[in-house]
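Please examine the sequence and the three-dimensional structure shown here before reading the explanation.

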Amino acid sequence: MKKISIIAALMAVSSGALASAEDIRGEFVAMMDRSFKTNGIAEKHRMYQLDFQKECSAEKDPPKKVMQAIEAAQLKTIRYPADGKYLGDWKEGEKIAISGRGLTWTDKTRFNNGGGCYNCHQLSHKEIAYGTIGPSLQDYGKVRGNSDEIVKYTWGKIYNAKAYNACSNMPRNGDAEILTEQQMKHLMAFLLDPESPVNKK
Amino acid sequence: MRQNKLFVLLATFVAAAGGLGSTAVLADKASDEAAIARYREMIADGNPAELVAGQGEELWKTKRGPKNASLEQCDLGLGPGVVNGASARLPRYFKDTGRVQDLETRLMTCMETLQGIDPKAVIDAKWLKGERETMAALVAYIVTQSNGQKIAIDMKPPQMKKMYELGKMAFYYRSGPMDFACTTCHGEAGKRIRLQDLPDLRTQAGAAAGWGTWPAYRVSSGEFWTMQHRLNDCYRQQRTAEPIYGSDVTIALSVFLAATANGGPVLTPGLKR
């Protein structure tokens with residue numbers, strides 16, 4: 001009787017049915033390593049996770065303590081404009097918000113990227129082709145005003161959204177060098193300038 | 001002719017759904033019927049994939065490769081030469097290769113063993129060029145032979161269970177300069193990118209809407225895309241490195257999606273914007 005159950009257990013183990021969580025984690029890492037290759041600017045090292053990316057790769061968000069630790073660490077990455085000027089040209093900002101290009105293996109350089117804002121957010125009163133993964137930002141400046149606090153928070157959110165929500169879907173535009181400081185200033189104006197179509201009908 | 005095909009599609013589905021009968025499946029049945037109605041409307045003017053499928057049928061029967069053989073004896077899981085219903089049951093575990101394979105990697109096995117064509121000819125080709133163009137045509141032919149059937153993935157083999165777990169981990173895996181995972185776009189109901197609706201691939205209905213309507217003809221690019229092509233472009237937009245054609249991550253994800261979609265309608269080849 002005992003023998004039979006041991007044999008059954010061994011068979012199950014050998015077939016992988018009873019593989020422990022650690023075993024499958026090891027297999028997963030090996031699978032990812034052999035399944036991807038560098039293509040142009042999309043280099044293979046992109047597959048290796050940052051610590052917070054790993055924490056945010058489960059069905060559920062990590063515990064609150066872990067989230068707070070990630071947010072504190074990410075907050076330190078934010079660099080505010082050295083010249084103290086946060087607002088660029090909203091017209092340039094609108095173009096950046098519309099463009100979803102950049103950083104794929106069909107892009108020639110890792111520079112000149114768009115912000116891809118419309119993929120996920122409603123912004124201008126005039127643009128109807130907006131995504132809904134993120135909240136609507138229509139009337140962003142009209143609703144919130146442009147106090148120092150709001151300006152600084154908005155900059156931080158664009159620069160590194162993970163500082164405010166550890167597992168946010170939003171990319172770290174500044175920290176991951178997706179957008180330049182100047183591009184982010186233009187986006188700030190698009191969001192906050194009273195003349196921008198985000199705030200003006 | 002087209003009318004007849006649609007009738008067969010609908011009749012097959014109604015017969016299959018009618019056999020279930022319990023109230024638990026009523027909701028799914030309604031959403032399946034809505035999906036079929038949408039599909040019927042879309043292909044009312046014809047699906048250009050029919051032309052690709054016609055080429056694929058020719059290629060299936062054509063003697064090619066160093067061994068000068070056709071693919072007519074290819075075993076897609078239901079026995080040598082059986083095409084009807086084969087893709088509705090893929091991916092599956094194959095004893096002869098000891099691997100879980102999707103339609104495309106299984107076809108590579110048949111091309112190698114029957115025709116002597118090196119899988120590298122497919123793996124190293126560009127999309128819709130050379131042996132990958134041949135592959136796309138074969139896929140279009142084969143998936144047409146499962147149209148109107150139900151997704152029926154056999155999850156009993158432990159190898160399938162393991163691939164499912166690996167695929168699930170891949171689905172939630174965040175990486176790259178934008179920190180994206182599959183779940184960034186496909187992990188919530190009722191979301192869209194720009195005006196494009198996104199299926200929630202964690203649910204049976206969402207996974208069926210996605211898995212069950214690919215491979216597909218894309219009107220915007222005028223191209224027929226296989227599932228490998230579809231997954232490849234998802235990763236491109238995630239800004240990861242490129243998944244190798246037929247690699248295990250593509251198989252694992254396919255098992256995760258197909259198993260989640262199990263029981264949903266197969267409406268292939270699909271027709272996309």
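Predicted model: local features only at pLDDT ≥ 70, side-chain atom pairs only at ≥ 80, totals over all residues.

Residues are numbered from 1 along each chain as its sequence is written, chains are lettered from A and ligands numbered from 1 in the order in which they are written, and side-chain values use heavy atoms, with hydrogens and water left out.

The size of an interface is often given as the accessible area lost when the parts come together. Here, the area buried between chain A and chain B is about 4,300 Å², with 58% of it given by carbon and sulfur atoms; buried area is the accessible area (1.4 Å probe) that two parts lose on being put together, summed over both. Chain A brings 50 residues to the contact and chain B brings 38, where contact means heavy atoms within 4.5 Å.

Between the two chains there are 5 salt bridges, each defined as a side-chain nitrogen of Lys or Arg within 4 Å of a carboxyl oxygen of Asp or Glu. One of them joins the side chains of A:K162 and B:D179, at 2.8 Å from N to O.

A:Q53 lies in helix α3 (residues 51-55) of chain A; helices (H or I, at least four residues) and strands (E, at least two) are DSSP runs, numbered from the N terminus. Not counting residues up to four places away in sequence, A:Q53 touches A:Y48, A:R172, B:R174, B:S175, B:G176 and B:D179. A polar atom of the A:Q53 side chain lies 3.0 Å from the backbone oxygen of B:G176. A:Q53 counts as buried because its relative accessibility is 1%; buried means under 20% relative accessible area, exposed over 50%, and partly exposed in between (1.4 Å probe, protein chains only).

Most residues other than glycine have a negative phi, and most peptide bonds are trans. A:N112 is not a glycine, yet has a positive phi of about 55 degrees. A:N112 is exposed, because its relative accessible area is 62%. B:R239, also not a glycine, has a positive phi of about 65 degrees, but B:R239 counts as buried at 9% relative accessibility.

A cis peptide bond joins B:W214 and B:P215, with omega about 0 degrees. Another cis peptide bond links B:T268 to B:P269, with omega about -5 degrees.

Note on methods:
Polar contact = N/O pair within 3.5 Å; in protein donor to acceptor, adjacent residues only side chain to side chain.
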